[in-house]
Amino acid sequence: MRILVVDDKQANRKLLAQTLRRSRHEVVEASSGREAVELAAAEPIDMVLMDIMMPDMNGYEATAKIKAQFTDVYIPVIFVTALKAEDALARSVEAGGDDFISKPINFEILESKIHAHTRIKELTEELLEKNKKLEEFNMALQREQALIEHFFDNAAKRCELDPGLIKQHMQPASVFSGDVFLACRKPNGDLNAILGDFTGHGLAAAIGILPVSQIFFDFTARGCGIEEIAQEIHKQLRELLPTGMFFAATLVELSASDETLKLWVGGMPSAYMVDAERNKVTEIPSDNLALGIAAAGERTFESMVMPCNRASRLYLYTDGVIETSNDAGEMLGEERVRDILARGDDSVFDSVLDAIAQFRGEVKHDDDISFVEITCAAIHSSDNAQEV
């Protein structure tokens with residue numbers, strides 16, 4: 001321990017310094033408050049023993065200046081005073097002091113105080129080092145988040161998200177969502193779309209979206225259908241994902257040339273086709289395993305072909321919707337959602353979102369929530385068609 005001893009009386013300094021050296025401390029001496037401030041700025045100091053009554057600059061003033069120099073380092077200052085304890089304690093705290101000891105000095109008590117403040121200093125330095133590492137980690141995490149946000153922004157720009165064709169609501173449970181929705185037209189004008197949900201949520205789940213997005217856009221640009229896209233995503237995720245992580249997904253291929261659509265649903269809640277003209281609701285249940293899960297035999301990726309008309313709307317959602325809980329622990333459930341969808345009017349999308357919010361109340365959602373409406377009529381509008 002390197003201790004700065006400050007006293008204008010040489011005899012006091014020498015006695016104190018000699019005693020401290022016998023206890024294996026290194027000692028630096030200052031004969032005035034001003035000299036103490038200069039030494040503290042010029043040399044490494046671990047602790048200060050400060051006399052109070054000194055000419056030119058007293059101990060309180062010197063302590064305040066020393067403390068101002070070390071705002072991010074703990075340098076304990078112990079006042080050595082002949083003043084009354086009450087007065088010394090009050091003023092030493094105001095000046096930034098950490099402790100005091102009365103004259104004549106009891107050296108056993110002084111040594112115990114030095115030991116105590118040495119331990120506080122060590123703990124403070126450990127805490128500062130941990131805070132520094134935490135700050136560095138947070139900065140690195142922010143850079144990684146910015147990189148992923150940049151990728152997601154670019155992916156969003158490539159999506160076909162005309163509000164006349166598609167409405168979507170994506171509500172992550174944390175900074176990043178493990179849910180993803182992508183939509184893009186093929187060269188012939190057909191629309192490919194995918195709503196997916198990776199195991200878990202947050203950054204770990206969001207990272208898996210990167211290869212999925214790349215495959216989806218590349219294969220759609222080549223004119224591939226959803227069967228090929230599902231097969232390729234499964235192949236890549238089997239190689240990339242750790243054990244226990246998988247990708248539940250619903251893939252949609254909506255024809256621009258005739259009134260049909262294709263669906264492939266794996267590990268997701270049921271999709272629903274609502275025909276407002278016929279007052280008909282068709283459930284399309286998941287009959288496939290999620291992507292990235294190994295199967296006992298060879299997996300097939302055959303899609304379901306369904307007729308649709310200009311009054312048809314397709315609804316897709318992740319399990320965060322139906323597993324939304326209220327303060328009683330009850331889940332929203334698929335039946336409540338299906339009852340709203342069965343209304344078939346133009347307000348269905350907003351009505352589902354309102355139902356989720358009202359049911360949950362003030363309860364924080366612990367899973368990503370994604371809900372999508374695709375209006376089949378809009379795919380045939382020349383205004384929505386892409387030039388190829």
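Predicted model: local features only at pLDDT ≥ 70, side-chain atom pairs only at ≥ 80, totals over all residues.
Helices, here H or I runs of at least four residues, and strands, E runs of at least two, are DSSP runs numbered from the N terminus. With that numbering, D56 is placed in the loop between β3 (47–51) and α3 (59–69).

The overall composition comes next. The protein chain holds 11 helices and 15 strands. Of its 388 residues, 47% count as buried. The chain exposes about 19600 Å², and carbon and sulfur atoms supply 51% of that area. Among contacts between residues at least 6 apart in sequence, 67% join residues at least 24 apart. Two such separations in sequence can be followed in individual pairs. E125, in helix α5, has its C-alpha 9.5 Å from that of D72, although 53 residues separate E125 and D72 in sequence. D350, in helix α11, is 183 residues from K167 in sequence, and the C-alpha atoms of D350 and K167 are 9.8 Å apart. E125 is partly exposed because its relative accessible area is 38%, which falls between the limits of 20% and 50%. D350, with a relative accessible area of 45%, is likewise partly exposed.

The average pLDDT of the protein chain is 86, and 89% of the residues score at least 70. Over residues 382–388 the pLDDT is below 50, and this stretch has nine contacts in the model beyond near neighbours in sequence.

Most residues other than glycine have a negative phi, and most peptide bonds are trans. D56 has a positive phi near 70 degrees and is not a glycine. Its relative accessibility is 58%, over the 50% limit, so D56 counts as exposed. R24, also a residue other than glycine, has a positive phi of about 70 degrees. R24 is found in the loop between α1 (10–22) and β2 (26–30), and its relative accessible area of 78% makes it exposed. For the peptide bonds, the case to inspect is the one from K103 to P104, which is cis with omega near -10 degrees. P104 lies in the loop between β5 (99–102) and α5 (107–157).

Within α7, the buried residues are I209, V212, S213, I215, F216, F217, F219 and T220. Just after α7, G223 takes a positive phi of about 85 degrees.

V348, F349, S351, V352, L353, I356, F359 and R360 are buried in α11. These buried residues pack against β6 (166–171), β14, α9, α10 and β15. After α11 comes G361, with a positive phi near 65 degrees.

The cysteines remain. A disulfide is a covalent bond between the sulfur atoms of two cysteines. A search of the whole structure finds zero disulfides. C308 is in no disulfide, because its nearest cysteine sulfur, that of C376, is 4.2 Å away, whereas a disulfide requires sulfur atoms within 2.5 Å. C308 counts as buried because its relative accessibility is 5%, under the 20% limit. C224, at 6% relative accessibility, counts as buried by that criterion too.

Conventions:
Residues numbered from 1 in each chain as written. Heavy atoms only, no water. Buried < 20%, exposed > 50% of the residue type's maximum accessible area, 1.4 Å probe, protein only. Contact = heavy atoms within 4.5 Å. Areas by Shrake-Rupley, 256 points an atom, 1.4 Å probe, with all protein chains shown as cover. pLDDT = per-residue confidence, 0-100.
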